[in-house]
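Good morning, and thank you for joining this group meeting. Please look at the structure on the screen while I describe some of its parts.

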Amino acid sequence: MAIVKTAVIWSQGQRVMPNVEELIGEVLEYNPQADVGLIRQTYEFAAKAHEGQVRKSGEPFLKHPLEVAHILARMKMDVPSIVVGLLHDTVEDSLTMVEDIAGKFGKEIAELVEGLTKISRVEFMSREEKQAENFRKMIISMGKDIRVILIKLADRLHNMRTLEPLPPNKQKRIAQETVEIYAPIANRLGIGWMKVELEDLSLQYLEPEIYSDLTRKLAVKRTEREKDISEVIEIVKQNLKVYGFKAEVYGRTKHFYSIYLKMASKEIPFEEIYDLSGIRIITDTKVNCYAILGMIHSLWTPVPGKFKDYIGVPKSNMYQSLHTTVIGPKGHRIEFQIRTEEMHRIAEEGIAAHWKYKDRGQIDTKDNQIYNWLRQMVEWQKDLSDSRQFLDSVKVDLFQDVVYVFTPRGDVKELIRGATPVDLAYAIHTEVGNRCVGAKINGKIVPLRYHLKSGDTVEIITNPTHAPSKDWLKFVKTPRAKDKIKHIINIEERKRSQDIGHKLLEKELQRIGSGLTALSKTERLEEVFREYNIKDLDDLTVLIGYGKVSPRQVLRKIFPEKAEKEDLTEKEDVSKRTRPSGGVKVSGIEDILIHFSKCCNPVPGDKIIGYITRGRGISVHTSVCPNIDELDYDKERLVGVEWDVTEPATYPVRISVSTIDRPGVLASVSASITSSAANISHADISTTEDKRAILNFVVDIKDLTHLEKVMQRIGQLSGVIQVKRVMGR
């Protein structure tokens with residue numbers, strides 16, 4: 001079969017399809033033994049599968065997989081990866097089946113294609129859930145074969161390069177996903193050039209005005225910037241020659257996204273950023289890296305705190321380089337990066353720099369560290385049933401700044417900034433975390449909530465009889481530690497609730513002259529299981545123990561005759577039955593005490609959620625209450641609640657008013673509140689050094705509309721700076 005060549009006319013003029021022979025030429029440059037016949041055969045197969053299909057731009061669809069294969073060739077990937085780059089959309093976007101690919105190209109190729117195929121045939125409740133589950137599937141596939149994510153990154157990069165024809169809302173959605181997930185993964189895998197391009201392309205669609213403004217301003221300053229950098233480079237080259245160092249020196253411009261982040265984080269305009277360019281020095285040996293660093297510091301004054309040694313302590317993605325910032329000839333800051341040629345290659349290519357063609361997606365021993373985070377994620381996702389929770393946690397893990405600490409044996413561990421000894425314990429092993437009772441930092445005992453610092457040597461102290469504490473959830477930072485602690489506490493809570501439920505059920509059975517044996521034999525028990533959506537008697541006792549259902553309710557359904565005979569329908573505890581619910585209905589739970597949480601003071605109109613407490617009924621919180629995260633470890637205790645206000649009532653709400661400190665301000669604010677038909681039940685006043693008064697009130701409010709009216713009226717008073725509702729204790 002002849003190779004298909006296609007030409008297409010589209011909006012920007014005539015564009016000719018790239019030739020597969022160009023791709024083959026690129027592959028042969030780094031892999032002379034490549035099976036080029038297989039690449040040609042695959043191209044013909046893909047051309048036939050996508051025949052007649054076009055992209056939104058009007059280009060033939062085949063151009064996309066061919067460009068993805070070109071990106072993979074730039075990454076020096078093996079032939080199976082190139083082949084999958086050409087085939088990756090055939091299963092989703094044509095009539096081709098995975099079995100067809102397996103029959104024609106073998107099991108290895110088919111498994112890679114299947115790992116990349118989107119899960120479009122699965123029905124989900126929402127787009128967010130679909131995105132989360134798709135990502136989870138990708139992580140699992142990556143764990144089996146690292147090539148899956150490398151091909152996926154190439155696919156995403158070309159999609160970002162060709163995003164323009166899509167509608168703006170879709171552009172933003174894809175760009176947001178790219179900057180939140182794919183760019184950080186490229187960074188984790190050490191593929192520097194791809195991370196930079198993905199971030200810049202994302203910024204172009206997420207903040208088009210800022211991107212356009214940066215483009216214009218950088219172009220204006222380019223000539224001046226290039227002149228300044230050229231002068232510094234010339235000084236460096238002359239000194240390298242004097243000292244006899246073999247090295248290449250060149251300037252580099254910071255990419256758009258890094259400039260944007262600096263402007264946003266420091267809240268400064270573009271004109272106040274002076275380190276728009278940096279200088280990179282590539283030398284021959286590690287020893288010379290440090291020697292050249294000394295030379296740079298002898299020429300210009302180093303900025304304190306801006307030196308980082310990633311050669312002595314490499315990043316988890318194997319990145320190695322010396323970073324230092326100095327005050328240059330014109331008083332502007334200049335960043336230098338100093339590394340060897342091999343370090344530079346790894347910095348640009350990452351995990352692909354050590355690719356082993358024969359290993360079918362396996363990583364060489366020396367690359368284990370770069371792959372470790374992925375293995376951890378694969379293990380981690382097994383403990384989480386909620387894909388959205390997994391995706392959110394991974395975003396946190398990918399984005400956080402890091403600290404590097406040492407174990408007593410000298411091993412380096414990377415953790416997110418703010419991590420504690422407990423986080424490190426769980427990073428070492430789940431059992432180490434579960435049994436952690438203390439820690440030594442640099443030989444001294446420290447609290448478990450201590451924030452680890454780069455360079456700390458950490459020794460974890462364990463006790464085989466110890467178990468995690470709920471309090472740990474208040475200070476641990478890593479998603480892995482949080483989820484492991486929640487998992488253990490959930491198991492313990494379930495076991496405790498099962499024991500309580502078992503005793504309560506036995507007690508009620510004794511009252512009607514029956515027992516568990518008779519209960520387990522009745523046919524009505526299965527009906528109860530179906531009604532409560534549970535599997536067995538253990539699940540039922542857990543529900544009873546949690547307080548989600550009473551044993552009397554259960555026995556009324558199973559033994560109605562005996563229940564009537566023993567007067568099981570008598571009124572329950574009067575104190576609970578007559579206690580007002582405050583206008584809240586609880587889904588599926590009868591006759592239970594309800595109280596409003598004082599940490600967030602919900603009012604009608606707020607979105608609310610219920611939490612079943614031990615002995616105090618249901619505590620009602622707002623859905624945005626800061627304490628909900630601490631309660632989330634035990635989802636079985638969270639219940640749906642909704643407002644059911646049939647009679648007028650008022651609810652306490654805390655508000656804080658910041659004003660100019662002057663006579664009469666308390667009187668005017670108080671008058672404004674009472675004139676809005678709200679009662680002040682508590683007031684507390686304090687002043688600050690900058691002549692401001694902070695007025696804290698507890699106000700009785702009817703509902704959310706009433707609260708907004710009160711706050712709006714206060715905000716209109718002369719001298720009032722800010723009015724806000726206070727959440728949290």
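Let me begin with two tyrosines, Tyr310 and Tyr319, both of which are buried; buried means under 20% relative accessible area, exposed over 50%, and partly exposed in between, with a 1.4 Å probe and protein chains only. This is a predicted model, in which local features need pLDDT of at least 70 and side-chain atom pairs count only at pLDDT 80 or more, while totals for chains, interfaces and linings use all residues. Residues are numbered from 1 along each chain as its sequence is written, and side-chain values use heavy atoms, with hydrogens and water left out.

How many aromatic pairs does the structure hold? There are nine aromatic pairs. Rings of Phe, Tyr and Trp (its six-membered ring) pair if their centres lie within 6.5 Å; planes under 30 degrees apart count as stacked, over 60 as edge-to-face, and the rest as tilted. Tyr310 and Tyr319 form an edge-to-face pair, with 6.0 Å centre to centre and 70° between the planes. Phe596 and Tyr651 are also edge-to-face, at 5.7 Å centre to centre and 85° between the planes. Phe596 lies in strand E15 and Tyr651 in strand E20, so this pair ties together parts that are 55 residues apart in sequence. Helices (H or I, at least four residues) and strands (E, at least two) are DSSP runs, numbered from the N terminus. Phe596 counts as partly exposed, at 24% relative accessibility, whereas Tyr651 is buried, at 5%. Together with Trp643, Phe596 and Tyr651 form one aromatic cluster.

Let us turn to the sheet. Its four strands are in the order E21-E22-E20-E23, with antiparallel pairing, and the sheet is open. Strands E21 and E23 are the edge strands, each pairing on one side only. Two strands pair if DSSP finds at least two bridges between them. Strands E20 and E22 pair in the antiparallel sense over 10 bridges, and Ile655 stands opposite Phe697 in E22.

Finally, consider Val669, which lies in helix H28, residues 665–675. Is Val669 buried or exposed? Val669 is buried, with a relative accessible area of 0%. Not counting residues up to four places away in sequence, Val669 touches Val657, Leu695, Phe697, Ile714 and Leu717, where contact means heavy atoms within 4.5 Å. Val669 and Leu695 are 26 residues apart along the chain, and their C-alpha atoms are separated by 8.8 Å.
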